[in-house]
Amino acid sequence: EPFLFHVARIDRWKRQDKAIRILKLLKDKNYNLKLYIAGQIISETYYEELKRLIDEMQLKDHVVFLNAISRDTINIMSKLAIASLSLNDMCNLGNVFHEMLSAGAVIISNNDGSLDEFIKHGENGFLINDLEEACDYIIKVMNDKEYEKRIREKAISTSKEKMKSWEERVGDEIELIERYS
């Protein structure tokens, strides 16, 4: 069954509500997908708001909360998802982005400048200005498997060309912590 994927801590600024709204827009266009939301619940209040939104939009059978998942599971889900959504209010450039890109995810994120160094819109992912645009690109990828394959291949090659490995990134973070401890 085709699905969308959103991985981030459950916190208001991570904007899982946008992923739910995209799912609703797609459902209204007769695209029947699931949405898997993975991440530790940081804000119980926001989590309850998300559940109410899901009920209001009649999406209860279409949204699954996975809680925190491993890097390996993120990798697998990114490979299998029609699209992986990163719609944070602030910078979308973090470890999850690196993991999704290296897995060959079809990444859809905000056109806020935070991913300009990595995402070439329409070539290895999509940078959107609104939720309707996200729907258009999801539909395009669903209807053109060759295009989807090219996006995924370019995502992987971009990751290899421009990003450090997980071990290198962790090493950098440890060094930074030690420098300021």
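# Notebook: pockets, sheet and helix packing

I began with the lining of the largest pocket, where helix α4 (residues 95-103) gives the most, with 3 residues. I note at the outset that this is a predicted model, and I read every entry below with that in mind.

**Entry on the largest pocket.** I looked up how much space this pocket holds and found about 340 Å³. It is lined by 19 residues, and those closest to its centre are V7, A8, R9, K14 and V96. When I sorted the lining of the largest pocket by class, I had 10 nonpolar, 7 polar and 2 charged residues.

**Entry on the second largest pocket.** Here I found about 180 Å³ of space. Of the 13 residues in the lining of the second largest pocket, E99, S102, S165, W166 and R169 lie nearest its centre. Which helices supply at least two residues each to this lining? I noted α3 (71-80), α4, α6 and α7 (166-179). The lining of the second largest pocket divides by class into 2 nonpolar, 5 polar and 6 charged residues.

**Entry on the sheet.** I then followed the strands and found an open sheet of 6 strands, with parallel pairing, in the order β3-β2-β1-β4-β5-β6. Which strands stand at the edges, pairing on one side only? They are β3 (63-67) and β6 (126-128). From one strand to the next, the twist averages 25°. For one pair I looked at the detail: strand β4 (residues 83-86) and strand β5 (residues 107-110) pair in the parallel sense over 3 bridges, and L85 has I108 in β5 as its bridge partner. I also recorded that strands of a sheet in general pair through backbone hydrogen bonds, either parallel or antiparallel.

**Entry on helices against the sheet.** I looked up two helices here. Helix α3 packs on the sheet and touches β1 (3-7), β2 (34-38), β3 and β4, while its direction makes about 145° with that of β1. Helix α4 lies across β1, β4 and β5, and runs at about 150° to β5.

**Entry on α1 and α2.** At what angle do helix α1 (residues 16-28) and helix α2 (residues 44-56) pack? I found an angle of about 10°, with the axes 10 Å apart, and α1 and α2 are therefore roughly parallel to each other. On the α1 side I listed Q16, D17, I20 and R21, which meet Y46, L50, L53 and I54 in α2. By class, the contact of α1 with α2 has 5 nonpolar, 1 polar and 2 charged residues.

**Entry on α4 and α6.** I next turned to α4 and α6, whose axes are 6 Å apart and which pack at an angle of about 120°; that makes α4 oblique to α6. The contact is made by L101, S102 and A103 of α4 together with A155, I156, T158 and S159 of α6. Sorting the residues of this contact of α4 with α6, I counted 4 nonpolar, 3 polar and no charged. I remark that S102 takes part in this contact and is also listed among the residues nearest the centre of the second largest pocket.

**Entry on α5 and α6.** The axes of helix α5 (residues 131-143) and helix α6 (residues 145-162) come within 5 Å and cross at roughly 110°. The residues of the contact of α5 with α6 divide into 3 nonpolar, 1 polar and 3 charged.

**Entry on backbone angles.** I finished with phi, bearing in mind that most residues other than glycine have a negative phi. R15, which is not a glycine, has a positive phi of about 60°, and R15 is placed in the loop between β1 and α1. N67, which is not a glycine either, has a positive phi of about 65°, and N67 lies in strand β3.

Note on methods: Residues are numbered from 1 along each chain as its sequence is written. This is a predicted model: local features need pLDDT of at least 70, side-chain atom pairs count only at pLDDT 80 or more; totals for chains, interfaces and linings use all residues. Side-chain values use heavy atoms; hydrogens and water are left out. Axes are lines fitted to C-alpha atoms, for helices over the stretch in contact, and angles run from 0 to 180 degrees between N-to-C directions. Helices (H or I, at least four residues) and strands (E, at least two) are DSSP runs, numbered from the N terminus. Ala, Val, Leu, Ile, Met, Phe, Trp, Tyr, Cys and Pro count as nonpolar, Asp, Glu, Lys and Arg as charged, and the others, Gly among them, as polar. On a 1 Å grid over the protein atoms alone, a cavity is a set of points where a 1.4 Å probe fits but cannot get out, and a pocket is an open set with protein on both sides within 12 Å along at least five of seven lines; lining residues have an atom within 4 Å of a point. Grid points are joined across faces, edges and corners, and a volume is the space filled by probe spheres set on the points. Two strands pair if DSSP finds at least two bridges between them. Contact means heavy atoms within 4.5 Å. Angles under 35 degrees count as roughly parallel, over 145 as roughly antiparallel, 65 to 115 as roughly perpendicular and the rest as oblique.
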